[in-house]
Amino acid sequence: RKPRHRAKNAESKRSAGSRGDRHRSRNAQSKSRKGASLAADSDSDSDGNIRGRSRQSVKSRNPKTRKARSFKEALAEEQAEASQRLSVRRKKSTGIGRRSSGIRLGAQYIGGPLQRNAIRDNLNCIKCDLPVLCFQGCRWDDDAVNYVFFRNNIFHPDRLPPVQNKDPSASAYACQCSWQSVSDLKEISRSGMPTGIEGGSAHNGKFYWGKSV
């Protein structure tokens, strides 16, 4: 009886061990499946947190990636500085925002034939309510013109050329009460602008010109 009992105990132990092995194998398989599903979920995550962290860690560990990022950042900064310098040069060359040279946004100008931003027609004087005449390639003779001359002769075009001196870079403007001889750009306004050394006026040294509406 004892040998049979021992044999039965050994068989029960072997069966229990085989059942334990099968149970452990099943646990391992279930764990591997859970790990695979977790990895799939992390890869397919809409927020991409796990994937982004892993990639970021890989990038931070890779020195070549760090060098590439630093090079791109330096290139972007250099391009931004170059565009800023170019914009400053353009402002200086065109004179935007300054009245002394170039044009000012929203303003109106008269000027010589070489000034493409100058207005040469459709000008009107709000004081005498007459159109402003423009003659290109000449300037007024300062010793021969004054307010009285333009008041009496502005309606006689044949009397104006004798008091004009040829100048390819200048333009001669005149109405019945004001006149100007300009080569560079000069700002005009309906509220009045100083005549300066370029001409004269009958209104306390100011002329009131503007583009006709």
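Leaving out residues up to four places away in sequence, Phe-149 touches Ala-144, Ile-154, Arg-159, Leu-160 and Val-163; a contact here means heavy atoms within 4.5 Å. This is a predicted model, where local features need pLDDT of at least 70, side-chain atom pairs count only at pLDDT 80 or more, and totals for chains, interfaces and linings use all residues. Numbering starts from 1 along each chain as its sequence is written, and side-chain values use heavy atoms, with hydrogens and water left out.

Back to Phe-149, which sits in helix α4 (residues 147–153). Helices (H or I, at least four residues) and strands (E, at least two) are DSSP runs, numbered from the N terminus. Phe-149 is buried, with a relative accessible area of 15%; buried means under 20%, exposed means over 50%, and partly exposed is in between, using a 1.4 Å probe and protein chains only. Leu-160 lies 11 residues from Phe-149 along the chain, and their C-alpha atoms are 9.5 Å apart.

**The chain overall**

There are 213 residues in the chain, and 24% of them are buried. Secondary structure comes to four helices and 11 strands. Of the contacts with a separation of 6 or more, 55% are between residues 24 or more positions apart.

The mean pLDDT (the predictor's confidence in each residue, from 0 to 100) is 76, and 60% of the residues reach 70 or more. Among the elements, helix α2 (residues 49–61) has the lowest mean, at 48, while strand β6 (residues 178–182) has the highest, at 97. Two stretches stay under 50: residues 44–54, with four contacts beyond four places in sequence, and residues 56–60, with three such contacts.

**The sheet around β6**

How much of β6 is buried? Five of its five residues are, so the strand is largely enclosed by the rest of the structure. Ser-178, Gln-180 and Val-182 point one way from β6, and Trp-179 and Ser-181 point the other.

β6 belongs to an open sheet of four strands, ordered β4-β5-β6-β9, with antiparallel pairing. The edges are taken by β4 (133–140) and β9, each with a single partner strand, so one side of each has no neighbour in the sheet. From one strand to the next the twist averages 25 degrees, with axes being lines fitted to C-alpha atoms (for helices over the stretch in contact) and angles running from 0 to 180 degrees between N-to-C directions.

Two strands pair if DSSP finds at least two bridges between them. Strand β5 (residues 164–174) and β6 run antiparallel and are joined by four bridges; Ala-172 stands opposite Ser-181 here. The two strands make a hairpin with three residues between them. On the β9 side (residues 199–201), β6 pairs in the antiparallel sense over three bridges. There, Gln-180 has Gly-199 as its bridge partner, and Trp-179 stands opposite Gly-200.

What does the loop between β5 and β6 hold? Gln-176 has its place there. Beyond four places in sequence, Gln-176 is in contact with Cys-128, Leu-130, Tyr-147, Phe-150, Arg-151, Ile-154 and Phe-155.

**A second sheet**

Another open sheet has three strands in the order β3-β2-β11, again with antiparallel pairing. Its edge strands are β3 (130–131) and β11 (209–211), each pairing on one side only. Strand β2 (residues 123–125) pairs with β3 over two bridges in the antiparallel sense, and Cys-125 has Leu-130 as its bridge partner in β3.

**Cysteines**

A disulfide counts as a pair of cysteine sulfur atoms within 2.5 Å, and a search of the whole structure finds zero of them. Two of the cysteines are set out here:

| Cysteine | Relative accessible area | Closest cysteine sulfur |
|---|---|---|
| Cys-128 | 19% (buried) | Cys-125, 3.7 Å |
| Cys-138 | 6% (buried) | Cys-134, 8.2 Å |
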